Amino acid sequence: FTTGQLICLTQNATDTPVNIPIVANTTPFYSSINLTSANLVSDVNVTVEISHTWVNDMTVSLISPTGTEIQLVSRPCTNASLLDIIATFDDSGSTLACATNPAISGTIKPLQLLSGFNGQPINGIWKLKVLDPYNEDGGAINSWSLNICAMASPLAVVDNSLANFT
């Protein structure tokens, strides 16, 4: 249980779109967001729009400025006709269910919990990492954004001491 003033900021990536070619890629593709804040993470949500001809080819992760990497999805949908990701990843989201196009949509619980970033500094470069090591399907990181909250100032009580109290 924590009390205090919660402050949140949302930042969009400015280096998108990032092309994901249809050849087998042994190195991942990155897009980044640089945040400036002296606060520590208390909640992270990430919104992603990726067009891709087969989402099962991809592993998508978020990397914090300290290097912590949390997977949002890893080869999530086995049906080849399912395309694209237009979703917000949130620890309190729904369980991933690939059924229609876009293959991944709505507010989805990530593969690994984003609360793994809690307590880390917000300040620095956050990266979205997309790995597509398979041939014949491609796409692009069209856009993504971070919504990060921090506890700015915890509530407190003023301490008073009594002297010569009778």
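Histidine 52 counts as buried, because its relative accessibility of 2% falls under the 20% cut-off for that class. This is a predicted model, and the protein chain in it has zero helices and 10 strands.

**Histidine 52 and its surroundings**

- Histidine 52 has its place in strand β4, which covers residues 41-52.
- The side chain of histidine 52 is joined to the side chain of aspartate 132 by a polar contact of 2.7 Å, and a polar atom of the histidine 52 side chain also lies 2.9 Å from the backbone oxygen of tryptophan 54.
- When neighbours within four places in sequence are left aside, the residues in contact with histidine 52 are Ile20, Asp57, Met58, Leu83, Asp84, Asp132, Asp137, Gly138 and Gly139.
- Alanine 103 stands 51 residues from histidine 52 in sequence, while the C-alpha atoms of the two are 9.8 Å apart in space.

**The four-stranded sheet**

- Four strands make up an open sheet in the order β3-β9-β5-β6, and their pairing is antiparallel.
- The edges of this sheet are formed by β3 (29-35) and β6 (69-74), each of which pairs on one side only.
- On average, and with direction ignored, neighbouring strands of the sheet are turned by 15° against each other.
- In general, the strands of a sheet pair through backbone hydrogen bonds, in either a parallel or an antiparallel sense.

**The pairing of β5 with β6**

- Strand β5, made of residues 59-63, pairs with β6 over five bridges in the antiparallel sense.
- Within this pairing, valine 60 is found opposite valine 73 of β6, and threonine 59 has serine 74 of β6 as its bridge partner.
- The two strands β5 and β6 form a hairpin with five residues between them, and in the turn glycine 67 has a positive phi of about 100°.

**Threonine 59**

- Threonine 59 belongs to strand β5, and because its relative accessible area is 16%, under the 20% cut-off, threonine 59 is classed as buried.
- Besides being bridge partners, threonine 59 and serine 74 are linked by a polar contact of 3.3 Å between their side chains.
- Not counting residues up to four places away in sequence, threonine 59 touches Gln71, Val73, Ser74 and Arg75, and also Lys129, Val130 and Leu131.

**The chain as a whole**

- Read from the N terminus, the elements of the protein chain follow the pattern β-β-β-β-β-β-β-β-β-β.
- The radius of gyration of the protein chain is 20 Å, whereas the globule rule gives 15 Å for 166 residues; the value is well over that figure, so the chain is more spread out than a compact globule.
- Taken along the principal axes, the box filled by the C-alpha atoms of the protein chain is roughly 85 × 30 × 20 Å.
- Among the contacts in the protein chain with a separation of 6 or more, 72% are between residues 24 or more positions apart.
- Of the 166 residues in the protein chain, 38% count as buried, and both histidine 52 and threonine 59 are in that class.
- The protein chain exposes about 8,900 Å², of which carbon and sulfur atoms supply 52%.

Conventions:
Residues numbered from 1 in each chain as written. Predicted model: local features only at pLDDT ≥ 70, side-chain atom pairs only at ≥ 80, totals over all residues. Heavy atoms only, no water. Pairing = 2+ DSSP bridges. Axes fitted to C-alpha atoms, helices over the stretch in contact; angles between N-to-C directions. Buried < 20%, exposed > 50% of the residue type's maximum accessible area, 1.4 Å probe, protein only. Polar contact = N/O pair within 3.5 Å; in protein donor to acceptor, adjacent residues only side chain to side chain. Contact = heavy atoms within 4.5 Å. Rg over C-alpha atoms; globule rule 2.2 N^0.38 Å. Areas by Shrake-Rupley, 256 points an atom, 1.4 Å probe, with all protein chains shown as cover.
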